[in-house]
Amino acid sequence: DWDELVRAAVTKAKLPAGTVLYTLRHSWITAALMGGMSTLEVSKIVGTSLRMIEATYGHLVADVARERLAKVDIV
């Protein structure tokens, strides 16, 4: 039963009450994508299809790509 382990980890990390595994997973995926990991890498690590990662988090990748593109000097 993962619930007890997650609750214990939440308490130990002093996270807000009510934090659940889904919240931690979502936060990690968001941080990984914003940190530059590809959707393919993230999908492999979390065991979710690439299609689902792109459908749910694709807007984050697009935002990061726009920011990176803005930094590129085009001749």
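**Close-up 1. A polar contact links the side chains of T48 and R25.** The two side chains come to 2.4 Å from each other; a polar contact here is a pair of N or O atoms within 3.5 Å, where, within protein, one must be able to donate a hydrogen and the other to accept it, and residues adjacent in sequence count only if both atoms are side-chain atoms. Please keep in mind that this is a predicted model, in which local features need pLDDT of at least 70, side-chain atom pairs count only at pLDDT 80 or more, and totals for chains, interfaces and linings use all residues. Residues are numbered from 1 along each chain as its sequence is written, and side-chain values use heavy atoms, with hydrogens and water left out. T48 sits in the loop between α3 and α4; helices (H or I, at least four residues) and strands (E, at least two) are DSSP runs, numbered from the N terminus. With a relative accessible area of 19%, T48 is buried, a label that means under 20% relative accessible area, while exposed means over 50% and partly exposed lies in between (1.4 Å probe, protein chains only). Setting aside neighbours within four places in sequence, T48 is in contact with R25, S43 and I53, where contact means heavy atoms within 4.5 Å.

Close-up 2. Is T39 buried or exposed? Its relative accessibility is 13%, so T39 counts as buried. Not counting residues up to four places away in sequence, T39 touches L33, L50, I53, E54 and V61.

**Close-up 3. Helix α3 has a buried side and a face turned away from it.** The buried residues of α3 are T39, V42 and S43. Why do they lie on the same side of α3? They cover an arc of only 100° around the axis, the arc being that of the directions from the helix axis to the C-beta atoms. As background, an α-helix has 3.6 residues a turn, so residues three or four places apart point the same way. Among what covers the buried residues of α3 are α2 and α4. The face turned away from the buried side carries the exposed residues K44 and I45. Just after α3, G47 takes a positive phi of about 75°.

**Close-up 4. I45 is an exposed residue of α3.** At 52% relative accessibility, I45 counts as exposed. Which residues does I45 touch, not counting those up to four places away in sequence? They are W28 and M37. For a sense of distance, the C-alpha atoms of I45 and Y22 are separated by 15 Å, and these residues are 23 apart along the chain.

**Close-up 5. Helices α2 and α4 pack against each other.** Two packed helices are described by the angle between their axes and the distance between the axes. For α2 and α4, the angle is about 35° and the axes are 9 Å apart; axes are lines fitted to C-alpha atoms, for helices over the stretch in contact, and angles run from 0 to 180 degrees between N-to-C directions. From α2, H26, I29, T30, L33 and M34 meet I53, Y57, L60, V61 and V64 of α4.

**Close-up 6. The largest nonpolar core has 7 residues.** Its members are I29, A32, L33, V42, I53, Y57 and L60. Such a core is a set of buried Ala, Val, Leu, Ile, Met, Phe, Trp, Tyr and Cys residues joined through side-chain atoms within 4.5 Å. At least two of the core residues come from each of α2 (21-34) and α4 (50-70). L60, one of the core residues, touches T30 and M34 when residues up to four places away in sequence are not counted. A31, in helix α2, is partly exposed, with a relative accessible area of 49%. From C-alpha to C-alpha, A31 and L60 are 9.8 Å apart in space and 29 residues apart in sequence.

**Close-up 7. K14 and S38 are two loop residues.** K14 is in the loop between α1 (2-12) and α2. Its phi is near 55°, a positive value in a residue other than glycine, and K14 counts as exposed at 75% relative accessibility. S38, in the loop between α2 and α3, counts as partly exposed at 32% relative accessibility.
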